[in-house]
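Here is a quick walk through some charged pairs and a helix contact. Have the sequence and the 3D view open as you read.

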Amino acid sequence: MRGWWREISGLVLSGACEGCGAPRTGLCARCAGVLAGPGAGRVRPAPEPAGLPVVHAAVPYEGAVRALLIAHKERGALGLAGVLGGALAGAVEAAAAPVAGPGERPLLLVPVPSSRRSVRARGHDPTRRVALAAAARLRRAGRPARVVPVLRQRRAVADQAGLDARGRRANLAGALEVVRGGGRLLAAGQVVLVDDLMTTGATLAEAARALGVVHPPFIPGPAERAAGDFAQHEFEQRVAAVIASSPASFEINRNSPRTWIVAGGER
């Protein structure tokens, strides 16, 4: 995964670089390097919402990364889906359990759904598009992966812009559900929630809650906690991957002790 970004040196799009405005290229080498970043890491918003899964992000949400995500999502720069998918694939690998061998379970990338209104306005579903590109990247790298779009909005939600962390949690509470038959699909592999961006974590926490209704995460018992033996159950732990998160969330991760997740909380 570390070398994926080199492929974009041949990416040709019309107009200026979507990241910095450099002429005659859709994505310049400098912005591609910024998007590649030093490697995905654990991110944690502050405050951290209850039920947030373990989240890994590829890069901080700032500068060229912010411009590229907005260009893809809001301005229809669909040619960026491949390179953004490469960044997401790196975060998925960091979030997922290590490769177990020839019989490993496939990675099931579950995208956070956009509202029908947003999809109509934008002309595409950006998160699903990038998830498909990420799954294709993972498969080319030898990691079985596919997109399983089993989440949907069960009710309308307000525009999240301008809402604080508490407002976003209230706005999203109970807003998502798994489609009929989705639980059976989720049992076929290791589930990784995916989104393009994490801000307060409210969306990923709600998505994890909805998945937990039909596909509960593994909860270690007393003997397993005492032994610290969770590796064999790691595929059942709720994890998520995003392209970008706030720079502060990376700082919090570096200054925090290692934790493990149990029953939607941290120990």
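Glu-18 has a relative accessible area of 22%, so it counts as partly exposed (buried is under 20%, exposed is over 50%, and partly exposed is in between, using a 1.4 Å probe and protein chains only). Before going on, note that this is a predicted model, where local features need pLDDT of at least 70, side-chain atom pairs count only at pLDDT 80 or more, and totals for chains, interfaces and linings use all residues. Residues are numbered from 1 along each chain as its sequence is written, and side-chain values use heavy atoms, with hydrogens and water left out.

What does Glu-18 meet in a salt bridge? The partner is Arg-75, with 2.9 Å from N to O (a salt bridge puts a side-chain nitrogen of Lys or Arg within 4 Å of a carboxyl oxygen of Asp or Glu). This pair links distant parts of the chain, 57 residues apart: Glu-18 sits in the segment before helix H1 (29–36), and Arg-75 in the loop between helix H2 (63–74) and helix H3 (81–95). Helices (H or I, at least four residues) and strands (E, at least two) are DSSP runs, numbered from the N terminus. Arg-75 is exposed, at 53% relative accessibility.

Lys-73 pairs with Asp-196, their closest N and O atoms lying 2.9 Å apart. That joins distant parts of the chain, with Lys-73 in helix H2 and Asp-196 in strand S7 (residues 190–198), 123 residues apart. Asp-196 is buried, its relative accessible area being 8%.

Glu-74 and Arg-122 also form a salt bridge through their side chains, at 2.9 Å from N to O. Glu-74 belongs to helix H2 and Arg-122 to helix H4 (residues 116–122), so this pair ties together parts 48 residues apart in sequence. Glu-74 is partly exposed at 46% relative accessibility, and Arg-122 is partly exposed at 25%.

## Where H1 crosses H2

How do H1 and H2 cross? Their axes come within 9 Å, at roughly 95 degrees (axes are lines fitted to C-alpha atoms, for helices over the stretch in contact, and angles run from 0 to 180 degrees between N-to-C directions). The two helices are therefore roughly perpendicular, the label for 65 to 115 degrees.

On the H1 side, the contact (heavy atoms within 4.5 Å) uses Cys-31, Val-34 and Leu-35, and on the H2 side Ala-64, Val-65 and Leu-68.

Technical notes. Angles under 35 degrees count as roughly parallel, over 145 as roughly antiparallel, 65 to 115 as roughly perpendicular and the rest as oblique.
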